[in-house]
Amino acid sequence: MNNDIKEVLYSKEQIAEVTKKLGKQITKDFEGKNPLVVCVLKGAVMFTTDIIREIDTYLELDFMDVSSYGEGTESSGEVKIIKDLDTSVTGRDVLIVEDIIDTGRTLQRLVELFKHRNAKSVKICTLLDKPERRVEGVKPDYVGFEVPNEFVVGYGLDFAGRYRNLGYVGILKPEVYEG
Ligand code: XMP
Ligand code: MG
């Protein structure tokens, strides 16, 4: 599996460090708010479970599964809800945790949905941001790293369902997705 990686972008240690830093900021910003943390399945699972342990306030956790990607590396533009939240967002301070913001379509759709459902506030925390590819005006409130316009995998991020279990974030060799 490691042989399919062209370059390691962010090591385990770098991810842990940035997660700690973001957790501290979030702790300050959400003190006394009992936020509803929404983990966007499946890519954000690792980042969510790590970052909530760095947030020292009361919070609740829920999961949502949306899909905008098929087996390829290009967004379809279509965002489908596969699994909705169990919790009502009405009147809640919502913190969406995402693995990566690419075109921004997924997050745009989620923010609109939660506002429509009368969330009190909606903030976004993403491990990775690929601003070069943005087509929607989504601005994350908390960003781990800005990534170059390359397809990245690991630490939750997949290609065709694989590589989520890598401890680091890396760039896939083009021959893996081209071949
Ligand atoms: P949009 O375009 O809606 O996409 O912002 C966000 C979702 O697309 C997936 N995505 C990636 N997944 N490596 C991945 O493994 C990437 O480089 C990549 N870029 C986008 C991801 O699931 C994210 O939630
Ligand atoms: Mg995702």
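**Entry 1: what covers α3.** I began with the cover over the buried residues of α3, and it includes β3 (60-67), β5 and β6. Contact here means that two C-beta atoms, placed from the backbone, lie within 7 Å. Helices (H or I, at least four residues) and strands (E, at least two) are DSSP runs, numbered from the N terminus. I then listed the buried residues of α3 itself: R105, T106, L107, L110 and F114. For burial I count other C-beta atoms within 10 Å of a residue's own, placed from the backbone: 20 or more is buried, 12 or fewer is exposed, and in between is partly exposed.

**Entry 2: a note on the source.** This is a predicted model, in which local features need pLDDT of at least 70, side-chain atom pairs count only at pLDDT 80 or more, and totals for chains, interfaces and linings use all residues. Residues are numbered from 1 along each chain as its sequence is written, while chains are lettered from A and ligands numbered from 1 in the order in which they are written.

**Entry 3: the length of α3 and its end.** I checked the span of α3: its 12 residues reach 16 Å from first C-alpha to last, close to the 16 Å expected at 1.5 Å a residue. The expected span is 1.5 Å times one less than the number of residues. After α3 comes N118, with a positive phi near 65°. N118 is not a glycine, and I found it in the loop between α3 (105-116) and β6. N118 is exposed, with 11 other C-beta atoms within 10 Å.

**Entry 4: α1.** Helix α1 (residues 12-30) has 19 residues and reaches 26 Å, close to the expected 27 Å. Which residues of α1 are buried? I noted I15, T19, L22, I26 and F30. Down the axis of α1 these fall within an arc of 75°, so they line one face of the helix; the arc is that of the directions from the helix axis to the C-beta atoms. On the other side of α1, E13 and K28 are exposed. The cover over the buried residues includes β1 (5-10), α2 (45-52) and β7 (142-146). G32 follows α1, and its phi is positive, near 75°.

Entry 5: I saw that the peptide bond from L41 to K42 is cis, with omega near -10°. K42 sits in the loop between β2 (36-41) and α2. A160 has a positive phi of about 50° without being a glycine. A160 lies in the loop between β8 (152-153) and β9 (169-172), and is partly exposed, with 13 other C-beta atoms within 10 Å.
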